[in-house]
Amino acid sequence: MTSPAALLTEAFSRVPETVERAVSGLSTDQLASRPAAGANTIAWLAWHIARGQDAQVAALAGTEQAWTADGWYDRFDLPFPAEALGYGMSRDDVGRVRASADLLLGYLAAVHERTVAYLGTLSPEDLETVVDADWDPPVTVGVRLVSILDDCVQHAGQAGYARGLLFFNR
């Protein structure tokens, strides 16, 4: 039988592949374009996927985020504080996320590597550890990981859809 950690690793491994299909071959301007007024850009979606996963998995693992530990914050040079993840950003802030496909994919690859390393340390019992008792039922490591994955998958799908619209609307 496949372990829960192996299943999570397989699931998380699909995110970078989906994001790569969405961003590869696009210019920085194409990545920063909006499929409709006020919509999220492909660049923002790809960045937010990596940021959210980075911050939340690092919190579970008790490690510093790749964003700051590995210099991604400086490489992106965005006009936000280092702790910005994308949650609650205004439409204007979304438009300020400008980055190349290589930069976006490089950061996501670094985050994915850390995620897989963390997942490899988990036993089935670890997945039952409560990380947020303020919910009913309390949130466990396993539930948090599924929540992170769900957010990543939804945004990766949105990025792929936005890419399709970019070429459909020509």
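Contact is defined here as heavy atoms within 4.5 Å. The structure is a predicted model, in which local features need pLDDT of at least 70 and side-chain atom pairs count only at pLDDT 80 or more, whereas totals for chains, interfaces and linings use all residues. Residues are numbered from 1 along each chain as its sequence is written, and side-chain values use heavy atoms, with hydrogens and water left out.

Under this definition, and with neighbours within four places in sequence set aside, V97 is in contact with A32, T41, A43, W44, W47, L78 and F80. V97 is placed in the loop between helix 6 and helix 7; helices (H or I, at least four residues) and strands (E, at least two) are DSSP runs, numbered from the N terminus. With a relative accessibility of 0%, V97 counts as buried, where buried denotes under 20% relative accessible area, exposed over 50%, and partly exposed the range in between (1.4 Å probe, protein chains only). The C-alpha atoms of V97 and D77 lie 9.4 Å apart in space, the two residues being 20 apart in sequence. D77, in the loop between helix 5 and helix 6, is by contrast exposed, with a relative accessible area of 64%.

The largest nonpolar core contains 49 residues, of which V19, V23, W47, F76 and L145 touch the most other members. A nonpolar core is a set of buried Ala, Val, Leu, Ile, Met, Phe, Trp, Tyr and Cys residues joined through side-chain atoms within 4.5 Å. Two or more residues are given to this core by each of helix 1 (4-23), helix 3 (42-61), helix 4 (66-69), helix 5 (72-76), helix 7 (101-119) and helix 8 (141-168). In soluble globular proteins, nonpolar side chains tend to be buried together. Beyond its neighbours within four places in sequence, V23 has contacts with L31, I42, A46, A101, L105 and R163.

Packing between helices was examined for three pairs drawn from helix 1, helix 3 and helix 7. Axes are lines fitted to C-alpha atoms, for helices over the stretch in contact, and angles run from 0 to 180 degrees between N-to-C directions. The axes of helix 3 and helix 7 are 9 Å apart, at an angle of about 25°. Helix 3 is therefore roughly parallel to helix 7, given that angles under 35 degrees count as roughly parallel, over 145 as roughly antiparallel, 65 to 115 as roughly perpendicular and the rest as oblique. The crossing of this pair is left-handed; a crossing is so described if the near helix is turned anticlockwise from the far one by less than a right angle, and right-handed if clockwise. Helix 3 contributes A43, A46, W47, I49, A50, R51, Q53, D54, V57, L60 and A61 to the contact, and helix 7 contributes L104, Y107, L108, V111, H112, T115 and Y118. The contact comprises 13 nonpolar, three polar and two charged residues, with Ala, Val, Leu, Ile, Met, Phe, Trp, Tyr, Cys and Pro counted as nonpolar, Asp, Glu, Lys and Arg as charged, and the others, Gly among them, as polar.

Helix 1 and helix 3 have axes that come within 10 Å and cross at roughly 160°, which means that helix 1 is roughly antiparallel to helix 3. This crossing is also left-handed. On helix 1 the contact involves F12, V15, V19, A22 and V23, which meet I42, A46, I49 and Q53 of helix 3. Eight of the residues in this contact are nonpolar and one is polar, with no charged residue.

For helix 1 and helix 7, the packing angle is about 180° and the axes are 10 Å apart, so helix 1 is roughly antiparallel to helix 7. The contact unites A5, L8, T9, F12, S13, P16, V19, E20 and V23 of helix 1 with A101, L105, L108, H112, T115, V116 and L119 of helix 7. Its composition by class is eleven nonpolar, four polar and one charged.

R51, which lies in helix 3, is buried, with a relative accessible area of 0%. Apart from neighbours within four places in sequence, R51 is in contact with Q65, W67, A82, E83, A84, L85 and Y107. D92, located in helix 6 (residues 91-95), is exposed at a relative accessible area of 55%.

Two features of the backbone were also noted. Most residues other than glycine have a negative phi, and most peptide bonds are trans. D77 has a positive phi, near 50°. The peptide bond from D136 to P137 is cis, with omega near 5°, and P137 is situated in the loop between strand 1 (130-132) and strand 2 (139-140).
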